[in-house]
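Colleague: I would like to learn how to read the features of a model. Please take me through them in turn.

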Amino acid sequence: VRAEFNQRKALKLWAVFRQTPAPMLTNLVFGATSGIMITFLPIYGLRLGVAENFALYCITIGAIGGIMAQPLIGRMADRFNRMLMLVLMLIASTVITSIMPLFFVLPVAGLAYFFVMGATRTGMYSLSVTLMGERYRGAELASASALFNLMWGLGNTVGPYLGGYAIDWWNPHGMPGSMTLITALVIPFCIVLLRRQRKVSAEAG
């Protein structure tokens with residue numbers, strides 16, 4: 001292991017991004033939307049007439065859904081195309097986030113909704129980590145991890161600002177609206193990368 005680590009040199013961050021743009025952009029989205037939800041979900045709930053405590057319960061249930069979904073996502077990632085799974089998770093997360101106003105005001109259905117939402121959102125993160133891990137080893141992985149964490153931090157910093165502007169511009173649904181838009185913007189890019197991956201695999205086969 002040490003020999004492999006020494007044989008692989010650290011990469012520049014821009015080189016890492018060019019080699020694995022999908023997981024890096026997905027983690028940027030994950031950081032941004034996480035920051036928006038944690039910051040503004042209680043405010044969004046109050047503007048919908050939902051108790052503040054219920055909004056906090058929803059955040060907790062979402063985290064539990066994300067944790068419980070990991071074994072299933074891991075098994076699926078071992079059997080199916082991981083890039084395809086990432087695209088599907090992005091699409092699912094976009095659709096689920098867009099219907100938040102319909103479920104947030106329903107006590108029981110709202111909790112179930114956030115459980116599923118947490119599972120899909122955490123799935124995006126887990127698949128991004130997996131894609132990055134299958135591409136890099138040793139010192140290269142250290143460089144990739146540095147950029148990966150940087151993208152999450154950047155998203156988590158900028159996301160709440162965008163969410164704040166959105167909720168002021170479109171009261172009260174700017175919060176889920178901004179999360180939906182941010183996630184949706186990455187989908188076409190990832191689809192292009194998936195098609196390119198399949199083309200390369202077909203030519204190699």
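Colleague: What volume does the second largest pocket have?

Modeller: The second largest pocket has a volume of about 190 Å³. A pocket is an open set of points on a 1 Å grid over the protein atoms alone, where a 1.4 Å probe fits, with protein on both sides within 12 Å along at least five of seven lines. Grid points are joined across faces, edges and corners, and the volume is the space filled by probe spheres set on them. This is a predicted model: local features need pLDDT of at least 70, side-chain atom pairs count only at pLDDT 80 or more, and totals for chains, interfaces and linings use all residues. Residues are numbered from 1 along each chain as its sequence is written, and side-chain values use heavy atoms, with hydrogens and water left out.

Colleague: Which residues line the second largest pocket?

Modeller: Lining residues have an atom within 4 Å of a point. Here they include F30, S34, M37, I38, R121 and T122. The elements giving two or more residues are α3, α4 (52–79) and α7. Helices are DSSP runs of H or I, at least four residues, numbered from the N terminus. α4 gives the most, with 5 residues. By class, the lining divides into 6 nonpolar, 5 polar and 1 charged. Ala, Val, Leu, Ile, Met, Phe, Trp, Tyr, Cys and Pro count as nonpolar, Asp, Glu, Lys and Arg as charged, and the others, Gly among them, as polar.

Colleague: And what volume does the largest pocket have?

Modeller: The largest pocket has about 340 Å³. It is lined by 14 residues, and Q19, T20, P21, M83 and Q197 are the closest to its centre. α2 (13–19), α3 (21–48), α7 (107–135) and α9 (174–204) each supply at least two lining residues. Which helix gives the most to that lining? α9 does, with 4 residues. The classes are 7 nonpolar, 3 polar and 4 charged.

Colleague: Now the rings. How many aromatic pairs does the structure hold?

Modeller: A pair of aromatic rings is described by the distance of the centres and the angle of the planes. Rings of Phe, Tyr and Trp (its six-membered ring) pair if their centres lie within 6.5 Å; planes under 30 degrees apart are stacked, over 60 edge-to-face, the rest tilted. The structure holds 8 such pairs. One of them is Y125 with F148, which is tilted: 5.7 Å centre to centre, 45 degrees between the planes. This pair links distant parts of the chain, with Y125 in α7 and F148 in α8 (residues 138–169), 23 residues apart. Ring pairs also link Y44, F54, F103, F104, Y113 and F114 into a cluster.

Colleague: Is F148 buried or exposed?

Modeller: Buried means under 20% relative accessible area, exposed over 50%, partly exposed in between (1.4 Å probe, protein chains only). F148 is buried because its relative accessible area is 3%. Y125 is at 30%, so Y125 counts as partly exposed.

Colleague: At what angle do α3 and α8 pack?

Modeller: Axes are lines fitted to C-alpha atoms, for helices over the stretch in contact, and angles run from 0 to 180 degrees between N-to-C directions. For α3 and α8 the angle is about 35 degrees, with the axes 6 Å apart. Their contact has 17 nonpolar, 11 polar and 2 charged residues.

Colleague: Last, which peptide bond is cis?

Modeller: Most peptide bonds are trans. The bond from N171 to P172 is cis, with omega near 5 degrees. P172 is found in the loop between α8 and α9.
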